[in-house]
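Subject: Structure for you to look at

Hello,

Here is the structure I promised. Please open it alongside this message.

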Amino acid sequence: MTGAPRYLTIFVGVYLVFLYAPVLLLPLFAFNDSAVIAFPLKGFTFRWFEGLAGESTLLVALKNSLIVGISASVLSTCFGVLAARAAARYDFLGKKPIMSFLMLPLVLPEIIVGVSLLIVLVQLGIELNVWTVILGHVLICMPFSIAILLSAFNNMDKFLEEASLDLGATRRETFFRVILPLVMPGLISSLLIGFTLSLDEFIIAFFLTGTEPTLPVYIWSQLRFPSKLPGVMALGFIMLVLSLILLTLGEYYRKKSAALVGSGSSEIRNG
Amino acid sequence: MKDWFTRESRSGLKLVAGPFGFSLLLLAAPLLMMLLLSFWTQNYLDLDRTLSFANYEEAWTHPVYRMLMQRSLVISILVTLCTVILAFPMAYFISFYGGKRKSLWLFLITIPFWTSYLLRIFMWKIILGYNGVLNSTLQWLSVIEEPLTFILYNANAVVLSLAHAWAPFAILPIFVSLEKIDRSLLEAARDLGDTAFQRFIRITLPLAMPGIVAASLIIFIPTIGDYITPKLVGGTDGLMIANMIQVQFSKANNAPLGAALAVSAMLIVGMIAACFVFFNRRYLRSQS
Amino acid sequence: MVELNTVKKSFGDVLAVNGVDAVIREGEFFSLLGPSGCGKTTLLRLIAGFEHPDEGSIVIAGRDMDQVEPNHRPTNMVFQSYAIFPHLNVEENVAYGLKKQNLSREDQRVRVNEMLRLVDLEGYNTRPAHALSGGQRQRVALARALIMKPKVLLLDEPLSALDKKLREQMQVELRNLQRTVGITFILVTHDQEEALTMSDRIAVMFNGKIAQLATPQVLYKRPLDKRIASFIGIMNFMEGTLKSVTEKGIEIDAGPLGTMTISPDQMPIPLQPGDVSIGIRPEMLTILFSSSDKAEIEITGTVTDTAYYGDMTYYEIAVEGLEREVSVSMRNTAGRRVLDIGETTRLGLGRESLLLLS
């Protein structure tokens, strides 16, 4: 940090406090031995965490979130592979508009996505359940999957596939022996990020869930009861740690993907 | 015409058919459906399918909806301004003074945002409340006698919470733009006699503009449709259009009106965003 | 071994290969030489099967390759970027194509080691792909292709990514490799020196067509037109007139060089009497250092530029009556001095060194 002006450094300090304030308070109150979320702190306890295990509705919501998260991330990754491969390898009619449309959910407010899906489902008389939530989540996870996988496919030398064919492999063998191993880190990254996005998503789940709430919807329902709040803090803390782990893993695999596939191109040295 | 259906084109289209078909079915079709619905009217329990502008008339003339729409716009603009203005020095700091630890700084910036969005906004409620963290701390420090009330359950709280929530989405694009600035340009300018302020206005700011524009659009467009923040910390004075849309779809049972409100909101946002990009391009052109 | 029959290939409205006819013989080192965009790489890819001709046919080892996919052709390719699989090590890369053959682990290992020895990479079996240098990568690509025992080995500008010294070394190695293995090599390159050094025969390509197909000597000594002549090596051109063609020979007026009769083989393509370009290679001109040095044709000129290459010196000499300077190359033999800029000197050449080109 060479020579930053005083006022800037002070600003950065205050800004960091601003950024971290809500987050740091979470563990603080999760372990706080008091039913009221306020200062002063009253002592250390695990009881809120223990209490979580007993909440049956929480466990149901957790199960739902897992189903939704895994399904949405798998589906969006599959779609992402198809779209990314098409975009990276082929130039096809309408490529730009099609790809832009696939990335559209990134800039649409989630409420628009949720509401419009709700309209269609209601008109068609389809019951709202876990599957309707999954559909909505796949829509918003897809752009992320496509972005990650596009980068992975683009980094891959186009001629590797031709080399494989030239050496006698079929297209199918080429996919499993060359393409898949090389985009695997990108795949994993896409799965992890998709799962994390879905786990955290509230609005679409709120609109499209019937009687099977996801975790965020469950949390929302608990927020109006002061007695439930410390438990919510504890839950939030667990989710924070989980997200941290998943996102770090996702980042690790994304970096690995870039390194593996990107390296190996021309190095001009003697030998 | 012949080349459009080359082997390559067919292969590409075959691959992208799956995801695109899915999007068409679940995004394009519903959006169109929403558009269509907005032209129908709800008569208590019956859905009148004759096309009419009735919902739009109501959305644009009824004082409550106008007020909500205006407030949502104002809040969005305020949030965008605050977030970007506060984020810029942070991004500047990391880019110009971060040295070898730039990625570490970026990592640090993003950690707070790995918590659930829902919980983060809720924490602001805890912080800004009557007996909340901020008030109790300030009272304990004897800065104030009575708890502050203007900080929660109104538009201020919404702006503050959202300025927090969007921070990394502003810092990152601005950072990327700042990184791209060739440092030798600034050195040359200093060589030619520009002061630090002049260098900032004439070089740094225009070159960082793409990042600023990107950040602004990323924040402005989705903020209009935010539901959680106004509901949790907005009280009655801070409610936004998304809350009303949700009401129309549930308690008020007037989905067509809800749809019209949603479409109107998107239209306004789209136009403002387009204007913004347009004027920004002119600004940049005049600079070069 | 490889027959190309009026092969045509377009990409959109770009005609990449515009009617190529050629026969490439078994066991020969054949090069496709030309500037970028001339269609040589497209032609190679057509032979390999990665592109399909719009018109014409390709026959390899007696079989028509129409509808035959690249993985079923008796060819193997070394790509310009080498295309080494980054997630596999050397042994796994080289053995990649052997999977189909269901060899035992031992047999596979033996074959791989045989190949590694051939390309001078013995012991590198477990080296990961990213730890290889450019030259090593190329050898792995060679081994990987040759282990498949193809009838034809295709090489797409294999040396362009290497630095100069390594390139020259590899040129020799590739040539020796081809002789050892004995199969047909088809090499694509834009470097005429490379083609001249390594090939048995060269096809010079411009704009999708073969301009001339011949051995390196014929190509260098008897290029068919100006374009080929200036592409291969350096050629001095001067304006002259073709006066007549008789049984005795060809009468020409070579400006400052005088009028003379030359032999018919000095006109590769029959030309009409009239204006013509006369070409002469720099090494066919000699600097007559002392007054006792004599030559069939002598002219005088002034040195305007010199370039010293250690073993050779290249001179630019302005000659009266000639529009452009003449390039002359002289070997720096023992005792021979180097001229200075501004020096006047006599140049000598023989009548048989002249070439009539259009």
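Below is what I found in it, part by part.

First, a caution: this is a predicted model.

Chains A and B
The contact between them takes 61 residues from chain A and 62 residues from chain B. On chain A, the elements that give two or more residues to this side are α1 (6-30), α3 (56-89), α4 (95-103), α5 (110-123), α6 (130-155), α10 (215-222) and α11 (229-262). The most comes from α1(A), with 12 residues. What is the class make-up of the side of chain A that touches chain B? It has 51 nonpolar residues, with 5 polar and 5 charged.

Chain C, domains
Chain C is divided into domain 1 (2-227) and domain 2 (234-357). Their C-alpha centres lie 38 Å apart. The contact between the two domains of chain C takes 5 residues from domain 1 and 5 residues from domain 2. On the domain 1 side, 2 residues are nonpolar, 3 are charged and no residue is polar.

Chain C, backbone
Most residues other than glycine have a negative phi. Two residues to check against that are C:N102 and C:K149. Phi of C:N102 is positive, near 50 degrees. C:N102 sits in the loop between α2 (90-94) and α3 (105-118) of chain C. C:N102 counts as exposed because it has 8 C-beta neighbours inside 10 Å, and the cut-off for exposed is 12 or fewer.

C:K149 also has a positive phi, about 50 degrees, and is not a glycine. Its place is the loop between α4 (134-146) and β7 (152-156) of chain C. C:K149 is exposed too, with 12 other C-beta atoms within 10 Å.

Best wishes

Definitions and conventions: Residues numbered from 1 in each chain as written. Chains lettered and ligands numbered in written order. Predicted model: local features only at pLDDT ≥ 70, side-chain atom pairs only at ≥ 80, totals over all residues. Contact = placed C-beta atoms within 7 Å. Helix = DSSP H or I, 4+ residues; strand = E, 2+ residues; numbered from the N terminus. Nonpolar A, V, L, I, M, F, W, Y, C, P; charged D, E, K, R; others polar. Domains from an automatic or database assignment. Buried ≥ 20, exposed ≤ 12 C-beta atoms within 10 Å, placed from the backbone.
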